[in-house]
Amino acid sequence: MEAIRLENLIFKYNRKAEPVLKGINITVKQGECIAILGDSKTTLCMAMCGVIPHLIPGHMDGKVYIEGRDSATMGVKDIAAKVGVVLQDPENQSFNLNVEADVVFAMENIGVPPEEMENRVQEALEIVRMTPFRYTASHQLSGGQKQRVAIASVLAMKPQILILDEPTRELDPMGREEIFEVLGRLKKSGITVIIVENDPPRLAKIADRMLLIRNGQIKYDVAPRQFFKYLYGDDRIKLPQVAQAYLDIFGLSEQTNLPMSVKEGVEMYGKILSHY
Amino acid sequence: MASYAVSVRDGRGSSLTEKHPVTIAICCLAMICAAFATVDITAYLVMLGMLAVAVLVGKIPKANIVKIIGLVIPLCFFITLIQTLSQGGPDIASYMIGSYAIHFSYAGVVLGAAITLRVLILAITMTTFFALVSPPRLTRALYDLGMPFKYAYAFTLALHFLPLIINEISTINNAQKCRGYDIDRCNFIVKSIKIIPLMIPLIIMCLRRASSIALAMDLKAFGSITNRTFYLELKPASVGEKLTAGLFVTGSLLFIIRSILY
Amino acid sequence: MMETSTEKYNLPLAKMSINPIPGRVDTKGVVSSVLISLAMIGMMQFGERLDTILFGGLFPVSGRIISFTLIGFGTMMYGLIPGLIVAEINPFIGTATGSSPIAPFFFITNALQAIAAIISGKLIKNVVSLKFCFVYSILATVLLTCAYIPLHIFYFKMPWEKLIPMYAFQGAMTIFIPPFLIYGLLKTVKSAGFFEE
């Protein structure tokens, strides 16, 4: 079953002359992990989670279906229960005085019965490895910890779809590692994950498909291996180091099978070197 | 900025913090109304004694109380000075400046002392209230009293973001210093006038951040339903609490009537 | 070159199509008013010492200039309810943190400033004008002085003849300085694109 489907989505902000999305068609299956790179990716995310057209004014044509339902006809509460969104700045996603209060906040807003909340809090904190910090004051947490709490607060709503808009942008390398570890665990749990980031090598490790948006349209929508083959030579997209090195040494051809990890790289280099 | 949640969880919670916020509010209001009704120093000292008991039983940080006393001193020095100079009756001292006589009256000193105690009682009572009632409990109590949740929640939001805004001011101050605008080197009179290059970037920053915060809250369905549920449940006020509140109100009313009649 | 504009901006500026009472009470309006209030608290730190030295904090000048500016700004941007949120958070924080002994009185006096802004909006339609800002400052000064009289006379037992020069000084400061601050702030916020139709 499809989790999200976009049909010929066109969107123009009120104060802009040109649409930023020009006929986007995407289908995301349940349980898939999609990475989005390029231009207007945040706008695309906002359309996928129903913020456009409910909260951000503009001109929208086309349809966005969330689990088969048109997002324009759904209420904010209904969308929030199905689609959890994590934004860039962890400071702006914490509103309460401690971790526990932040995690229950969204559940209270959608009317989850109090007797269910305790289990959900424990589960959500366990997934993001923040259980020891349950009663810690929010201002005492690091950036990575705050972002993990933001993810936990969204997971507590038990959404079917999780959209993350550059969740590691404001974080240091340690924080980034923590978030990608969490995403790896989430992917295994079967939740549909849509992630926007500017770190293609890390995304390639968890994404089933990678999308590139250029000039408001989808240029590529392929598996990571193929994605990097297409983008070899494009200075705007960073390839995984092992893939970059492989292409620089051996060049690109139709039959090229790119290594995506150090382990794969060692195997491939090993095979090639064994001929000599 | 101390976290109320942390102060409860790390063992500083007390029996008073578990009481219903409305009960605590009624007792505090009764105390404040009684303080308004009189200028009797003895009565004020009794009230301060009651507040001291509340501070001890409620395990309220002494630093808060010392801070408020420190802030009251310049205010009350000024009030006492005005009263001393303007009240009639026997003098405790008098001086001549040129041909002009300045009289410091005893009645003025007594009245100034009474006003000082009154201000202290008001300040300590309010501090005690907010120390005993944590923001989530206050929010829940206001909601139960009928205030729409998004307005009641504004207080919790304010306490959460206050340290962030204070940090932002520091950042803006440093950024302006890099541009040669150093407000910290000015005296306190000039400082209070030269805040415009700090205020405008701060407001713009606040408005931008508010958009982002509001979006994040809306994405968590804030305000989307009227019958939201709560993880924190307020226990209804017990019979003992209601009796205590009733006693405070009755005592305060009797005291006010007595003060008016006598 | 003098910029001439025939555009009229009515209250609330963040969404001019709605009624100023209650104003913009969606999540953005509430959150913006909370943050403006916190900005007000932060700004007041700079003038605290001056106010303490001037009359022990009983007749704050710097604090009142800032509160006039930012409560007025908050009400002009978002309407009455957000303006009241801007007004009430400050005394709440002041009381909760024990940073001002007379903070509880500000619950009333700050609310009056928001009300003054709404009344000024009914009298002068174009909010982004010095005329509006002066009308607001004068109205707020009058309302606050009337509110402070019973406080000073009955609560602090101050002799009324001693209050007159202090009110005069305070009034002069709060009538002539905040209008320019508010006007400058509104122009900047307008250029930054925060006004909405």
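## Close-up views of a predicted model

**View 1. Where chain B meets chain A.** The contact between these two chains takes 32 residues from chain B and 34 residues from chain A, as seen in a model that is predicted. On the chain B side, at least two residues each are supplied by helix 1 (4–12), helix 6 (135–144), helix 7 (149–178) and helix 9 (196–219) of chain B. Of the side of chain B that touches chain A, the largest share comes from helix 9 of chain B, which gives 8 residues. Sorted by class, this side of chain B has 19 nonpolar, 7 polar and 6 charged residues.

**View 2. Where chain B meets chain C.** Here the contact takes 55 residues from chain B and 46 residues from chain C. Two or more residues of the side of chain B that touches chain C come from each of helix 4, helix 5, helix 7, helix 8 (188–193) and helix 9 of chain B. Helix 9 of chain B gives the most to this side, with 15 residues. The residues of the side of chain B that touches chain C divide by class into 43 nonpolar, 7 polar and 5 charged.

**View 3. Two helices packed within chain B.** Helix 4 (residues 62–86) and helix 5 (residues 106–132) of chain B pack with their axes 8 Å apart and at an angle of about 155 degrees. Angles over 145 degrees count as roughly antiparallel, and therefore helix 4 of chain B and helix 5 of chain B are roughly antiparallel to each other. Where helix 4 of chain B passes helix 5 of chain B, the crossing is right-handed. The contact of helix 4 with helix 5 of chain B has 17 nonpolar and 9 polar residues, but no charged residues.

**View 4. The two domains of chain A.** Chain A is divided into domain 1, which covers residues 2–239, and domain 2, which covers residues 240–276. The centres of domain 1 and domain 2 of chain A, taken over C-alpha atoms, are separated by 32 Å. The contact between them takes 8 residues from domain 1 of chain A and 9 residues from domain 2 of chain A. On the side of domain 1 that touches domain 2, helix 8 (200–206) and helix 9 (224–230) of chain A each supply at least two residues, and helix 9 of chain A gives the most, with 4 residues. The residues of this side of domain 1 of chain A divide into 6 nonpolar and 2 charged, with no polar residues.

Methods:
Residues are numbered from 1 along each chain as its sequence is written. Chains are lettered from A and ligands numbered from 1 in the order in which they are written. This is a predicted model: local features need pLDDT of at least 70, side-chain atom pairs count only at pLDDT 80 or more; totals for chains, interfaces and linings use all residues. Domain bounds come from an automatic or database domain assignment. Two residues are in contact if their C-beta atoms, placed from the backbone, lie within 7 Å. Ala, Val, Leu, Ile, Met, Phe, Trp, Tyr, Cys and Pro count as nonpolar, Asp, Glu, Lys and Arg as charged, and the others, Gly among them, as polar. Axes are lines fitted to C-alpha atoms, for helices over the stretch in contact, and angles run from 0 to 180 degrees between N-to-C directions. Angles under 35 degrees count as roughly parallel, over 145 as roughly antiparallel, 65 to 115 as roughly perpendicular and the rest as oblique. A crossing is left-handed if the near helix is turned anticlockwise from the far one by less than a right angle, and right-handed if clockwise.
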